[in-house]
Amino acid sequence: MTYIAKPKFRHPDLEPNTRGFTRRDYEGKVSTLCAGCGHDSISAAIIQAVYELDLEPHRIAKLSGIGCSSKTPDYFLGLSHGFNSVHGRMPSVLTGANLANRDLIYLGVSGDGDSASIGFGQFAHSIRRAVNMVYIVENNGVYGLTKGQFSATSDKGSKSKRGVVNHDAPIDLVTLALDLGATYVARSFSGDKHQLVPLIKGAILHHGAAFIDCLSPCVAFNNHEGSTKAYDYIRNHNEAVNRLDVIEPRETIEIDHAPGTLEIVTQHDGSKLRLRKIHPEYDPSDRLDALAYLAERQSKGEIVTGLLYVDPGAQDLHDYQNTVAAPLNTLSDSQLVPGSSALEKINASLR
Amino acid sequence: MAGAGRSVALQPTDTKSPDYFHKVVDCQWACPAHTPVPEYIRLIAAGRYADAYMINWRSNVFPGILGRTCDRPCEPACRRGRVEEEPVAICRLKRVAADNKGEVSARMPHAPPQKNGKRIACVGAGPASLTVARDLAEIGYEVIVFDGEKKSGGMIRSQIPRFRLPENVIDEEVDYITGIGNIELRLDQPIVSMKALLVEQYDAIFVGCGAPRGRDLDIPGRVEAAANIHVGIDWLSNVSFGHIDKIGKRVIVLGGGNTAMDCCRTSRRLGGEDVKVVVRSGFDEMKASPWEKEDAMHEGIPILNFLTPKAFIHQNGKLTGMTFEVVAAKYDEKGRRSLVPTGEPDQHFECDDVLIAVGQENAFPWIERDAGIAFDKWGLPELNGGTFQSTQAKVFFGGDSAYGPKNIIWAVAHGHDAAISIDLFCQGKDVSVRPPPVVQMSSQKMGIHEWSYDNDISADIRFKSAHRPLAESLGNLHIESELGFDQKVGFLEAQRCLNCDVQTVFNAPLCIECDACVDICPMDCITFTENADEDTLRSNLTAPALNKSQDIMVSAPLKQTGRVMAKDEDVCLHCGLCAERCPTGAWDMQRFLLDTAKAGACAR
């Protein structure tokens with residue numbers, strides 16, 4: 001939380017992107033979250049990703065529910081569309097918005113309370129319906145706004161700030177997302193923007209349901225000894241399986257790695273995901289292997305991060321529903337109300 | 001950064017060394033007298049003009065004079081000029097403090113009742129000598145100041161025209177010095193022999209007689225038309241002391257320095273209607289300060305460049321004009337400039353008078369060559385670097401007479417250093433062992449989001465100082481043409497100061513590498529990265545640090561990742577947001593106050 005507005009001055013060498021925007025132009029209001037909150041770093045990573053992708057702010061809609069994480073859309077992309085929905089209901093509102101206007105880029109921002117508790121069902125259904133979106137959970141494993149109770153993603157055996165041990169089994173949103181058919185699944189850490197920014201860029205370019213579980217320490221209530229979501233704990237247990245570079249369709253790809261350590265995945269829009277493998281045996285195109293790998297590593301207390309699964313040929317809700325190609329608000333009256341003869345035809349076909 | 005070799009990871013920056021944070025305060029570092037600029041600017045913003053004046057007075061001795069006439073080495077250095085277009089108007093803010101301070105004589109120091117028995121002679125009553133006198137009188141010395149003129153002040157009084165610097169300002173600030181006591185001004189008493197002076201029982205002698213000789217121009221017609229050709233600084237001095245009160249209608253001023261600007265503007269006030277400045281060099285390379293050129297042009301004085309004087313034209317012993325050769329600047333492969341004739345026909349300008357302001361020279365006709373004082377081939381005294389001591393141990397030099405013509409603020413800085421040397425010398429100590437500056441660091445934290453300085457950065461662009469209407473100021477030599485800032489504008493301009501002396505202090509063991517400071521920093525100054533040699537590190541920063549004159553602050557390795565925190569000081573706004581967003585207090589905003597040592601600091 002800061003009282004003064006962030007000064008408008010920027011570094012004199014800050015480059016504008018091809019749309020004429022500097023990174024600063026993608027900022028929002030100054031954050032009111034606690035100092036040191038991981039969520040602010042995720043906001044900064046989103047800003048960086050959108051800037052690097054040369055996206056125009058008005059092409060993006062950011063949606064959120066309730067909670068610390070869901071406050072953050074106020075702190076980035078101040079020139080974009082936004083909808084702050086009811087607790088846990090972000091996925092439904094996003095699905096509806098996406099159906100109405102398929103041309104926007106949808107950025108759903110949620111937290112572990114918003115997605116793993118009150119909005120658990122909403123989360124599940126938006127994923128299984130393959131809504132074309134980026135769904136980011138800012139996961140701090142604690143109810144920060146209500147002063148530090150365990151959340152549904154708190155690990156069993158971890159301790160609260162007051163020393164209470166959590167006995168409930170945790171919900172792993174990555175495993176669930178894989179199970180429910182998400183076609184781009186990643187896990188990252190707010191304290192590692194080198195990993196996080198490309199993952200967000202890849203998710204934005206992905207056609208289909210992209211899910212990112214981003215560990216984000218709560219400095220006020222979950223950054224102590226015994227916490228498994230603290231800065232030092234995550235750093236000590238982070239097992240990155242790969243490093244991602246996102247190459248946009250217009251860019252040429254550089255290969256500077258030994259064969260076998262590099263994998264290039266071409267997505268729907270021609271963008272390429274260049275994966276530098278850290279664990280050579282890990283194959284992000286195999287969903288079942290990914291699930292098994294995650295289970296095995298998680299049982300050893302490791303936090304597996306990186307691009308965990310991607311299906312480059314994925315389809316989305318609109319493809320499955322065979323909806324009209326244009327946003328609804330661009331359709332003319334005659335297209336929307338085709339008249340009684342069209343109705344006759346439909347009725348006849350159903351008889 | 002000290003000790004940074006290529007391909008060697010940098011050592012953590014030693015911020016305990018006074019120079020590190022001093023350099024961050026660009027204005028103070030650039031000021032020869034190292035005046036704590038942001039400190040007094042904050043006091044101006046707070047309406048504490050007298051306090052602001054006294055900080056200046058301690059450091060630069062002549063705040064009212066310098067607030068009007070300083071060469072402002074601080075302003076080109078000002079960080080604000082790298083953040084946006086223009087630096088803070090530091091010089092004119094100093095004037096705001098001087099103009100609004102009210103009565104300050106009660107705050108002025110007094111000589112101790114007990115003198116220390118040492119007597120010092122100062123030759124010349126200009127800024128260097130007066131600074132020496134002030135610093136020494138206050139700690140018990142008896143100082144006798146000699147000057148050939150009837151009034152004190154040296155070039156401040158003789159060369160700077162009254163429309164830029166009213167006489168009462170000079171009188172007031174000279175009086176503050178003599179008011180200390182133990183200072184005797186012996187005016188109208190030119191020193192004609194150093195040997196004679198050495199025989200008198202002074203414990204030390206300070207030579208601050210300036211660079212009194214204006215360079216002449218030996219070209220055809222100089223002798224024949226001498227009646228209407230004047231050497232600039234002598235002419236200004238004659239105007240200043242009332243010996244000259246008019247000049248011809250058409251005047252040519254030769255030279256591109258500040259003296260030339262004073263000459264042409266003075267001519268406009270003494271009857272000159274068609275006054276022009278003719279300069280050999282190009283406009284941008286002229287020595288005059290940009291604002292002085294601006295003021296001259298504002299008074300309808302054209303500046304003609306790339307013209308080399310060729311001859312004074314005269315008829316029957318009367319000057320009628322001048323001819324000039326047209327030249328162009330050519331640069332060789334080393335970037336050295338030479339002015340070569342273009343072959344175009346010479347230019348001729350008619351005129352009634354010519355003022356020659358093409359430079360000044362040192363002259364010591366009164367120092368016998370066998371007085372034990374060695375001079376170099378340029379006629380300047382050989383001085384023991386930084387101590388201002390000549391080869392005759394009890395004689396010290398300062399101001400223009402030490403290293404050639406500079407300006408008032410350099411003279412003051414020399415004066416302070418020479419006074420330290422004289423004090424050390426008189427106490428029988430080694431003059432080359434210099435007393436260190438006094439440095440204070442104090443946290444500005446008042447509460448979670450509260451600082452004891454105003455960290456909200458003003459977006460205002462530089463304010464312009466008000467001027468009297470031309471018709472009014474051109475009519476009178478004695479009426480000040482520039483009005484300065486009023487209190488309201490002074491406040492707004494003061495708010496433009498970035499408080500660079502409120503330092504970003506980083507305590508590495510407390511850092512949890514949460515990136516909060518990186519994310520909030522509006523100027524991308526902060527990066528957490530692998531340590532490397534300086535060049536690599538500079539290029540690896542979020543915003544590559546290309547301005548090598550500005551340091552990078554590098555932390556010790558951090559405990560979670562072993563990376564380092566690297567902060568580029570170049571365009572930091574000192575807004576304190578890094579510290580505000582820091583959850584552990586690893587960042588703190590601490591006021592850095594550096595006072596250079598003055599005479600007496602380590603002599604007892």
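Ile552(B) stands opposite Asp568(B), a residue of strand S25(B). The model is a predicted one.

**Antiparallel sheets of chain B**

- Strands S24(B) and S25(B), the latter covering residues 564-568, are joined in the antiparallel sense by 3 bridges.
- They belong to an open sheet of 3 strands, ordered S23-S25-S24, in which the pairing is antiparallel.
- Its edges are formed by strand S23 (526-529) and strand S24 (552-554) of chain B, each of which pairs on one side only.
- From one strand to the next, the twist of this sheet averages 25°.
- A further open sheet of 3 antiparallel strands in chain B has the order S17-S26-S22.
- Strand S17 (438-443) and strand S22 (502-506) of chain B each have a single partner strand, so one side of each has no neighbour in the sheet.
- S22(B) runs antiparallel to strand S26 (residues 587-595) of chain B, and 5 bridges join the two; Thr504(B) is placed opposite Met589(B) of S26(B).

**Nonpolar cores**

- The largest nonpolar core contains 220 residues, and those with the most contacts inside it are Val134(A), Ile200(A), Ile44(B), Leu136(B), Phe206(B) and Ile422(B).
- Helix H17 (residues 408-426) of chain B supplies the largest share of this core, with 13 residues.
- Another core, of 35 residues, lies apart from it and includes Leu236(B), Val277(B), Val279(B) and Met286(B).
- Beyond its neighbours within four places in sequence, Phe206(B) is in contact with several residues, among them Ile120(B), Val132(B), Phe396(B), Ala418(B) and Ile422(B).

**A covered strand in chain A**

- Strand S4 (residues 133-139) of chain A is mostly covered, as 7 of its 7 residues are buried.
- Met133(A), Tyr135(A), Val137(A) and Asn139(A) point one way from S4(A), while Val134(A), Ile136(A) and Glu138(A) point the other way.
- In a regular strand, side chains alternate between the two faces of the sheet.
- Strand S3 (residues 105-111) of chain A runs parallel to S4(A) and is joined to it by 5 bridges; Gly111(A) has Glu138(A) as its bridge partner in S4(A).
- S4(A) also pairs in the parallel sense with strand S8 (residues 209-215) of chain A, over 7 bridges; the partner of Val134(A) in S8(A) is Ala210(A).

**An enclosed helix in chain B**

- Helix H8 (residues 90-100) of chain B has 10 of its 11 residues buried, so it is largely enclosed by the rest of the structure.
- The buried residues of H8(B) include Arg92(B), Lys94(B), Arg95(B) and Asp99(B).
- Just after H8(B), Gly102(B) adopts a positive phi of about 70°.

**Loop residues of chain B**

- Most residues other than glycine have a negative phi.
- Asp188(B), which is not a glycine, has a positive phi of about 60°; this residue is in the loop between strand S3 (183-186) and helix H12 (194-199) of chain B.
- Asp188(B) counts as exposed because it has 11 C-beta neighbours inside 10 Å.
- His574(B), also not a glycine, has a positive phi of about 55° and is located in the loop between S25 and H22 of chain B.
- His574(B) counts as buried because it has 23 C-beta neighbours inside 10 Å.
- Ala227(B) is in the loop between strand S5 (213-214) and strand S6 (229-231) of chain B, and it counts as exposed, with 11 C-beta neighbours inside 10 Å.
- Ala227(B) and Ile65(B) are 162 residues apart along the chain, and 34 Å separate their C-alpha atoms.

**Domains and the contact between chains**

- The domain assignment of chain B gives domain 1 (1-23 + 440-451 + 498-604), domain 2 (35-106 + 459-495), domain 3 (115-212 + 362-426) and domain 4 (214-360).
- The centres of domain 1 and domain 4 of chain B, taken over C-alpha atoms, are separated by 49 Å.
- In the contact between the chains, 29 residues of chain B meet 26 residues of chain A.
- On the side of chain B that touches chain A, the elements giving two or more residues are helix H7 (80-83), helix H20 (516-520) and helix H22 (577-581) of chain B.
- The residues on that side of chain B comprise 16 nonpolar, 4 polar and 9 charged.

Definitions and conventions
Residues numbered from 1 in each chain as written. Chains lettered and ligands numbered in written order. Predicted model: local features only at pLDDT ≥ 70, side-chain atom pairs only at ≥ 80, totals over all residues. Core = buried A, V, L, I, M, F, W, Y, C linked by C-beta atoms within 7 Å. Buried ≥ 20, exposed ≤ 12 C-beta atoms within 10 Å, placed from the backbone. Helix = DSSP H or I, 4+ residues; strand = E, 2+ residues; numbered from the N terminus. Contact = placed C-beta atoms within 7 Å. Pairing = 2+ DSSP bridges. Axes fitted to C-alpha atoms, helices over the stretch in contact; angles between N-to-C directions. Nonpolar A, V, L, I, M, F, W, Y, C, P; charged D, E, K, R; others polar. Domains from an automatic or database assignment.
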